[in-house]
Amino acid sequence: MGYVKKNRDFHEARWDEPFIMEMGNPGERGILAPKASEEVKKLSGSLEELIPANLRRKKAPKLPELSQMQVLRHYMRLSQETIGTDINIDIGLGTCTMKYSPKVHEQLVRMEKFQELHPCQDESTVQGILEIMYQDEQYLKAISGMDRVSLKPAGGSQAIFANVQTIRAYFEEKGEGDQRNEIITTILSHPANPGTAATLGYKVITLYPDENGLPDIEALKAAVSEHTAALMITNPEDTGIYNDRIRQFVDIVHEAGGLCVYDQANLNGVFGLTRAKDAGFDMCHYNLHKSFSSPHGCQGPGAGAQCVSEKLAKYVASPTVEFDGKKYYLNDNRPDSIGRLRAFYGVPSVLIRAYAYIRSLGADGMKQIAELSILNNNYLIKKLLETKGLSMPFAKGRFRMEQARLSWRELTEETGVTTDDICRRIVDYGFQDYFTSHHPRVLPEPFTPEPVETYSKDDMDEYVAAFAAIADEAYTDPELVKGAPYKAALGARIQEECLTDWSRFATTWRAYKKHMNRPEEQEK
Amino acid sequence: MTKVGLIVNPVAGIGGKVGLKGSDGEETQKKAFELGAVPESGKKAAIALRILKSEKDFVKIITCPGEMGENVCKEAGMDCEVISVPDESKRTGRDTTSDDTVRAAREFLNMGAELILFAGGDGTARDIMDAVGTSVPVLGIPAGCKIHSGVYALNPKKGGELAVRFVQGKVLRLKEAEVMDIDEEQFCKGIVCSRLYGYLKIPEEIRMVQNRKSGSVYSEEGAIERISDYLADTWDGEALYIVGGGSTTASIMKRMNLPYTLLGIDLVCAGQVIAADCTEKEILEAIDACASGKVRILVTVIGGQGYLFGRGNQQISAEVLRRVGKENIIAAASPDKMLSFLGKSLYIDTGDEEVNRYLTGYMRVIVGYGEYVVMKVSD
């Protein structure tokens with residue numbers, strides 16, 4: 001029997017640290033670089049000559065002036081005010097696949113041999129990383145069943161974007177570019193699917209779930225036509241319910257002449273169990289930083305893999321990594337390609353970790369990932385659903401895959417405590433706040449946990465115990481939960497209006513100062 | 001100090017518990033009292049007021065005498081200023097009329113009320129709308145038999161919480177919400193005949209107002225703007241458009257710089273309104289006269305019941321629908337409104353079974369710029 005800690009009496013560090021832009025004094029320095037000797041100056045010329053006029057600033061940037069020690073202390077304090085995957089039981093971020101990323105992989109990406117590579121180096125000097133990228137592609141072809149994989153995208157949404165570009169290129173070549181101007185997706189798919197489709201000028205047709213929580217197949221039949229370019233769908237959706245009619249969905253769209261794209265950003269529930277190609281899909285994509293283990297969150301680094309069938313292979317982004325039997329090389333001579341998508345090729349640190357992950361697990365290991373993540377999830381749900389006020393809408397009694405969308409609706413109706421309140425309160429228990437739902441919130445008061453394969457039974461029991469305690473608080477002292485957090489780094493509540501009112505957005509320091517100088521803010 | 005006007009309709013909802021379908025009209029009210037009905041709207045208003053009391057230093061309540069507000073304030077322990085509408089003789093509240101509501105709401109407006117809180121049902125909402133229109137934010141505490149309008153908080157408690165947020169300056173947006181009512185006489189005979197009477201301006205708040213299920217951070221107004229832009233950009237200049245009532249279609253007309261009838265049917269052709277507030281006959285004549293032969297019907301989903309046709313737009317009759325054809329119907333509504341029908345269906349009730357059958361199945365509804373949802377349509 002393991003040990004389940006029920007109340008840690010957790011308290012996060014709270015430094016109330018100012019912005020670094022507000023700190024320091026004129027003249028304070030971290031480094032005083034020695035002046036160049038006369039001899040060197042003679043050889044190098046003056047600074048003005050070295051830097052082209054168009055790259056020279058007219059005025060010095062308004063950067064904070066601080067010594068090394070003050071800077072170090074500032075960031076150490078901020079680091080104490082975060083709750084990352086390595087410090088907490090990070091089960092709450094459903095759809096994000098917050099698995100353990102093996103530390104031995106960090107040794108690989110921190111090797112000098114890798115760190116000092118530059119993307120502008122000659123191909124003959126980077127055969128090692130090209131080989132890894134080439135092998136990654138071969139493995140991902142086997143995992144997806146597809147015929148070509150591009151590792152060019154810098155993240156999941158960019159891979160989806162590349163898939164939509166591929167759809168467009170395919171139909172333009174067929175002479176159906178103008179006619180096929182609609183993309184069908186579902187309300188429970190990731191917003192990047194309708195988002196990229198709309199960005200590339202497609203009409204977006206959205207399907208709602210039927211009473212079983214699966215996309216309404218009759219609505220799909222009504223939606224397809226000679227205008228259908230593609231179906232962009234995921235399985236399972238955020239609800240975790242496996243769509244066992246997925247093959248029928250694909251067939252309906254194919255019959256109408258459209259393509260089918262499988263969003264597999266999160267592969268954890270089907271790793272080694274099913275393959276996109278076998279379900280008839282023409283394309284899919286993976287977020288390699290999720291299922292293939294790179295530390296992620298907080299904007300990166302990520303990497304996307306675009307996987308396509310034979311007929312779409314010529315369209316994927318350029319360059320591709322090829323092997324001529326002797327050497328690896330980047331192929332830019334691909335006239336039908338959708339283009340470069342971004343500079344250079346792939347995000348090598350994530351691609352190395354993915355390579356190491358695949359090699360260390362092997363085919364059987366991957367299958368085990370799916371099996372364990374499904375097993376963990378169904379154990380977690382069963383325990384969580386013993387919590388008063390928490391329920392799981394749709395498909396009652398059916399097992400879920402690797403994640404599930406739950407709802408606090410009952411608890412909210414009975415106590416007034418909302419999912420957002422609980423999300424803040426859970427931080428007082430030493431857990432990161434959880435993922436509620438993508439927008440829009442289709443289900444009321446959502447909560448989407450995903451325990452992946454790396455959490456133990458003890459971990460899950462501790463996690464569940466915290467929610468049971470909070471539900472208890474909600475029914476006995478709702479104000480306690482509504483006033484949370486008390487023991488987190490941030491005592492102050494987020495001013496929601498600053499997140500929704502564009503006129504108050506502050507994306508730069510200058511904008512922030514401008515807002516703060518407004519008279520109505522001064523009063524607060 | 002925020003000035004909040006409070007109107008309690010003391011007879012709201014009294015018909016409900018004694019099996020009458022509504023409470024409108026003196027006869028019904030008399031009958032309800034005879035059957036032993038006890039007014040509950042005051043209790044519901046008091047729940048909201050007790051929550052609002054937390055802001056008592058920042059809020060000034062103005063209200064009507066006796067049962068129309070004063071007593072509720074006393075019960076909740078909230079200071080208030082009492083106006084002289086209605087007069088002293090109606091202190092018991094049983095003999096107040098809809099005219100008293102109208103006059104009180106007007107008085108609040110004159111006194112500079114920043115929010116009008118009312119406890120009542122659809123009848124009360126209509127009276128307040130008649131008095132103040134959309135000139136001041138209004139919030140309903142649901143207390144009537146008929147709660148078809150979209151102007152109420154989810155429940156009295158939420159009403160109080162939303163009023164607190166309003167007083168704290170945390171309500172960032174207002175939105176227009178439908179004032180609907182059903183004809184009680186018809187309803188008592190088993191015929192549902194609901195009508196859209198107009199709009200009140202209410203605080204837009206996630207989760208606290210009825211009929212808003214999604215927690216989208218995007219405003220309803222922004223969504224309707226995108227729908228309007230899309231329809232304006234794809235408008236067929238040659239076609240005759242039969243434009244149904246409602247604030248969504250009104251926004252589209254505004255975007256096209258066209259005048260509109262909020263609660264009626266307008267006909268648009270070649271960039272102009274060729275007929276306003278039309279009858280079925282006028283619509284049929286216009287279809288006959290349409291040179292291009294291209295006719296479109298543009299409608300929104302009115303009210304919380306999900307009716308596309310047959311509620312509030314009976315002028316677009318079975319005959320009109322038959323002649324225009326299913327493929328030429330354009331439906332548009334905000335994404336939040338559509339999400340409120342998740343797992344449900346939209347409805348049509350044209351009074352003609354054949355046309356009803358013809359229109360059932362699935363239909364696309366425009367919810368953004370080039371964005372649609374596929375909705376089930378039933379009769």
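This is a predicted model: local features need pLDDT of at least 70, side-chain atom pairs count only at pLDDT 80 or more; totals for chains, interfaces and linings use all residues.

Student: How many residues does the largest nonpolar core have, and which have the most contacts inside it?

Tutor: A nonpolar core is a set of buried Ala, Val, Leu, Ile, Met, Phe, Trp, Tyr and Cys residues joined through side-chain atoms within 4.5 Å. Buried means under 20% relative accessible area, exposed over 50%, and partly exposed in between, with a 1.4 Å probe and protein chains only. Here the largest core has 75 residues, and those with the most contacts inside it include Leu140(A), Phe281(A), Tyr286(A) and Phe292(A). Helix α12 of chain A, residues 348–384, gives the largest share of this core, 10 residues. Helices (H or I, at least four residues) and strands (E, at least two) are DSSP runs, numbered from the N terminus. A second, separate core has 43 residues, among them Ala331(B), Leu339(B), Leu346(B) and Val367(B).

Student: Which residues does Tyr286(A) touch?

Tutor: Contact means heavy atoms within 4.5 Å. Not counting residues up to four places away in sequence, the residues touched by Tyr286(A) include Leu140(A), Ile143(A), Gln264(A), Phe292(A) and Cys307(A).

Student: Where is Val270(A) placed, and is Val270(A) buried or exposed?

Tutor: Val270(A) lies in the loop between β5 (259–264) and β6 (283–287) of chain A. With a relative accessible area of 3%, Val270(A) is buried. Leaving aside neighbours within four places in sequence, Val270(A) is in contact with Tyr242(A), Gln264(A), Ala370(A) and Met401(A). From Val270(A) to Asp282(A) there are 12 residues in sequence and 18 Å in space, C-alpha to C-alpha.

Student: What is the area buried between chain B and chain A?

Tutor: The size of an interface is often given as the accessible area lost when the parts come together. Buried area is the accessible area (1.4 Å probe) that two parts lose on being put together, summed over both. Between chain B and chain A this area is about 2,200 Å², and carbon and sulfur atoms give 58% of it. The contact takes 22 residues from chain B and 25 residues from chain A.

Student: How many salt bridges and polar contacts are found between chain B and chain A?

Tutor: A salt bridge is a side-chain nitrogen of Lys or Arg within 4 Å of a carboxyl oxygen of Asp or Glu. Across this interface the rule finds 1 salt bridge. Arg364(B) pairs there with Glu182(A), their closest N and O atoms being 2.8 Å apart. A polar contact is a pair of N or O atoms within 3.5 Å; within protein, one must be able to donate a hydrogen and the other to accept it, and residues adjacent in sequence count only if both atoms are side-chain atoms. Between the two chains, 8 residue pairs are in polar contact, both residues at pLDDT 80 or more. On the side of chain B that touches chain A, α13 (335–339), β15 (361–368) and β16 (371–378) each supply at least two residues. The largest share of that side, 5 residues, comes from β16(B).

Student: Why does the salt bridge of Asp9(A) and Lys487(A) tie together parts that are apart in sequence?

Tutor: The side chains of Asp9(A) and Lys487(A) meet in a salt bridge at 3.6 Å, N to O. Asp9(A) lies in the segment before α1 (38–44) of chain A and Lys487(A) in the loop between α16 (478–482) and α17 (497–500) of chain A, so the pair ties together parts that are 478 residues apart in sequence. Asp9(A) is exposed, at 60% relative accessible area, whereas Lys487(A) is partly exposed, at 23%.

Student: Are Arg353(A) and Glu106(A) buried or exposed?

Tutor: Both Arg353(A) and Glu106(A) are buried, and their side chains form a salt bridge at 2.8 Å, N to O.

Methods: Residues are numbered from 1 along each chain as its sequence is written. Chains are lettered from A and ligands numbered from 1 in the order in which they are written. Side-chain values use heavy atoms; hydrogens and water are left out.
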